[in-house]
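Visitor: Could you walk me through this one? I'd like to start with the contacts and then move on to the rings and the overall layout.

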Amino acid sequence: MNLEKNQLQTWLLIGLTLNLVATILHYTDNFIFFAKYPAPVWMHPHQVWMAWLILAPFAVAGYIQYAKGNYWAAYLCLCIWAVTSVGGIAHYFFGSLSAFSVKMHIFIWFEELTGWMLLGFIFWSGLILKEWRKDRLLN
C-alpha cells in the first residue's frame with residue numbers, strides 16, 4: 001500500500017465519519033421528533049431507524065471493500081449509502097420551508113452536504129484517478 005493510497009483511504013474515512021455523524025443526528029432527530037417532521041402519511045417513526053440500520057452497513061462495507069482494493073464493490077456500497085444521504089432533501093417535498101425548525105434544516109443540510117462529499121470522492125476515485133485500474137496495472 002503506497003502513501004497515496006493511505007491518504008485516499010484516510011480522506012474516505014474522514015468523509016464517512018462526518019457523514020455517519022450527520023445521518024445519526026438527522027435520523028435520531030427525525031425519530032424523536034417524528035410528529036414535527038413533515039412526512040408522507042404512510043410513514044411511521046420506527047421506519048426511520050429501521051432504514052438507518054439497513055443502510056448503514058453499506059457505508060461500513062464500502063470502506064472495508066475500498067481498503068481491500070475491491071473498488072467496484074466499494075463504489076457500489078458507497079453509492080447506495082451516499083445516494084440515501086443526499087435523498088434527505090426529499091423532506092422538503094412534504095412541507096414548506098417554514099414547517100422545519102432551524103435545527104431540522106441544519107441536520108438535513110449537514111447530511112446532504114456530507115452525502116455529496118462522498119459522491120464526489122467516489123467519482124473522483126473512480127473516474128478521475130481510476131484507482132480500480134491502478135492495482136491491475138501494478139500486478
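Guide: Before the contacts, the term itself: contact means heavy atoms within 4.5 Å. This is a predicted model, in which local features need pLDDT of at least 70 and side-chain atom pairs count only at pLDDT 80 or more, while totals for chains, interfaces and linings use all residues. Residues are numbered from 1 along each chain as its sequence is written, and side-chain values use heavy atoms, with hydrogens and water left out.

Visitor: OK, which residues is W132 in contact with, leaving aside its neighbours within four places in sequence?

Guide: With those neighbours set aside, W132 is in contact with Y71, W72, Y75 and G126. The C-alpha atoms of W132 and Y71 are separated by 5.5 Å, although these residues are 61 apart along the chain.

Visitor: And where does W132 lie?

Guide: W132 lies in helix α5, residues 131–138, where helices (H or I, at least four residues) and strands (E, at least two) are DSSP runs numbered from the N terminus.

Visitor: Why does W132 count as partly exposed?

Guide: Because its relative accessible area is 22%, and the partly exposed class lies between buried, under 20%, and exposed, over 50%, with a 1.4 Å probe and protein chains only.

Visitor: Switching to the rings, how many aromatic pairs are there?

Guide: Rings of Phe, Tyr and Trp (its six-membered ring) pair if their centres lie within 6.5 Å, and planes under 30 degrees apart count as stacked, over 60 as edge-to-face and the rest as tilted. By this rule the count comes to nine aromatic pairs. One of them joins Y66 and Y71, edge-to-face at 5.4 Å centre to centre with 80° between the planes. Y66 and Y71 are both buried.

Visitor: What about Y66 and F121?

Guide: Y66 and F121 also form an edge-to-face aromatic pair, with 5.6 Å centre to centre and 65° between the planes. This pair links distant parts of the chain, since Y66 is in helix α2 (residues 45–68) and F121 in helix α4 (residues 102–128), 55 residues apart. F121 is buried, as is Y66.

Visitor: Which residues form the aromatic cluster?

Guide: Y66, Y71, W72, Y75, F121 and W124 form one aromatic cluster.

Visitor: Last topic, the whole chain: how many helices and strands?

Guide: The chain has five helices and zero strands, and its C-alpha trace spans about 55 × 25 × 20 Å along the principal axes. Of the 139 residues, 41% count as buried.
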